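Subject: Structure handover

Hello,

Here is the structure you were waiting for. Please open it alongside this note.

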Amino acid sequence: MTDPRLTPSNGRVAHISMQGEVEAEKFVEGRRMMVHQPMANITDKPRGARVSQLLFGETFLVLESYDGFAFGQADRDGQVGYILSGALASPEEPTHWVTAPATHLYPKAELKAPPEVSIFFGSPVRVVGETTSHFRIHTGHYIPRPHLQKIKARFGDVIGVADLFLGSPYLWGGNSRWGIDCSGLVQMACLACGIDCPRDSDQQEALGRELHHGEPLIRGDLVFWKGHVGLMASETMLLHANASHMAVAYEPLEDVVVRIEDAGDGPITAKRRLD
């Protein structure tokens, strides 16, 4: 049975790769588009519930556009859904990506120039020029040089990346410093370290390997509950985006275990090590 979250089909239209797998009125190759605003929600239907987000510069394969919405599939993780058509533009080939929690887009390469908008950690951009203090990107804006790294650069510590989101408000389906959820935090941390990672916590239970019985937790391990996931910052401390703090926070693992069980959501379901 196919997972609808990852199946590029809505009954009317489907990607050509799905021929023989699903029923649809037509099968298309689609057109790759790029998010050209700070972020864009992916929803389960037009004007529906947010299931994920794409960041500025990330790409989306559009299979159908109708009534102001584009239906398709995110290149980041295969997430299928709907994005406002106005949030999308023709793609640019990225050369760098944002490695600060957030950065301003300046109209000039000057510290005191009033910034026009902000974009967030993980956003890919195309650099077209530079000064001693700033990079100029494809939109004509300037970004401080310390906030960008070359597109292939990666971090080496998922906890160090997740810590960049400390204090970020909890947002169901969020993927940025503006707002993020538990699985979004894990995904952003993993991707920044070169680890392929799906969007939702149940999908993430396939990451790495299961810990052996009695094997101690270490920094970087994943701990799962029904509908929740967190990252171990040490053998006893969990770093997670959670609805109790409504933020990304550090919390003793034993306290999280008790609170989740008291809420009726059961015990830990899995412990995984990213290899």
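Predicted model: local features only at pLDDT ≥ 70, side-chain atom pairs only at ≥ 80, totals over all residues.

Residues are numbered from 1 along each chain as its sequence is written, and side-chain values use heavy atoms, with hydrogens and water left out.

Pockets

A pocket here is an open set of points on a 1 Å grid over the protein atoms alone, where a 1.4 Å probe fits, with protein on both sides within 12 Å along at least five of seven lines; lining residues have an atom within 4 Å of a point. Volume is the space filled by probe spheres set on the points, which are joined across faces, edges and corners.

The largest pocket has a volume of about 450 Å³. It is lined by 16 residues, and closest to its centre are Glu58, Arg76, Gly122, Pro124 and Arg154. The lining splits into eight nonpolar, three polar and five charged residues. (Nonpolar: Ala, Val, Leu, Ile, Met, Phe, Trp, Tyr, Cys and Pro; charged: Asp, Glu, Lys and Arg; polar: the others, Gly among them.)

The second largest pocket has a volume of about 380 Å³. Of its 22 lining residues, Arg5, Val51, Gln79, Trp172 and Asp200 are closest to the centre.

Aromatic rings

The whole structure holds five aromatic pairs. Rings of Phe, Tyr and Trp (its six-membered ring) pair if their centres lie within 6.5 Å; planes under 30 degrees apart are stacked, over 60 edge-to-face, the rest tilted.

Phe71 and Tyr82 make a tilted pair, with centres 5.0 Å apart and planes at 45°. Phe71 is buried, at 3% relative accessible area. Tyr82 is buried too, at 10%. (Buried is under 20%, exposed over 50%, partly exposed in between, with a 1.4 Å probe and protein chains only.)

Phe121 and Phe165 pair edge-to-face, 5.6 Å centre to centre with 80° between the planes. Both Phe121 and Phe165 are buried. Trp97, Phe121, Phe155 and Phe165 form one aromatic cluster.

Glu205

Is Glu205 buried, exposed or partly exposed? Glu205 is partly exposed, at 28% relative accessible area. Beyond neighbours within four places in sequence, Glu205 contacts Phe224, Thr269, Ala270 and Arg272. (Contact means heavy atoms within 4.5 Å.) Glu205 and Arg272 sit 67 residues apart in sequence but 7.3 Å apart in space, C-alpha to C-alpha.

Best wishes
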